Amino acid sequence: MQERRTTIRLPHQGRAQYCSSGDLLPKDGSITNLSERGAGVRVREPHKPGERVTVHFPLPGAQE
């Protein structure tokens, strides 16, 4: 399979909180990688393709 991404992904392990559009209660998750156009986020339950999910996490090197 050909890689379709046009930006470089950087590995990053960190805590994150997320909530889906239908449930505003934040849940704990984790960030697995970052790029200019997105992030890899590990979540506790599957989400449908195209579902909007809000994610909050500190950027690498930023103060809390």
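**Strand pairing in the predicted model**

S2 and S3 pair in the antiparallel sense over five bridges. Two strands count as paired if DSSP finds at least two bridges between them. Strands are DSSP runs (E, at least two residues), numbered from the N terminus. Across this pair, serine 35 stands opposite glycine 38 in S3. The model is predicted: local features need pLDDT of at least 70, side-chain atom pairs count only at pLDDT 80 or more, and totals for chains, interfaces and linings use all residues. Residues are numbered from 1 along each chain as its sequence is written, and side-chain values use heavy atoms, with hydrogens and water left out.

Strand S1 covers residues 10–20, and strand S2 covers residues 27–35. These two strands run antiparallel and are joined by seven bridges. A hairpin of six residues leads from S1 to S2. Within this pairing, alanine 16 has glycine 29 in S2 as its bridge partner.

S1 also pairs with strand S4 (residues 53–56). Four bridges join them, again in the antiparallel sense. Here tyrosine 18 stands opposite valine 55 in S4.

Together the four strands form an open sheet in the order S3-S2-S1-S4, with antiparallel pairing. The edge strands are S3 (38–42) and S4, each of which pairs on one side only. Neighbouring strands of this sheet are turned by 45 degrees against each other on average, direction ignored. For this angle, axes are lines fitted to C-alpha atoms, and angles run from 0 to 180 degrees between N-to-C directions. Strands of a sheet pair through backbone hydrogen bonds, either parallel or antiparallel.
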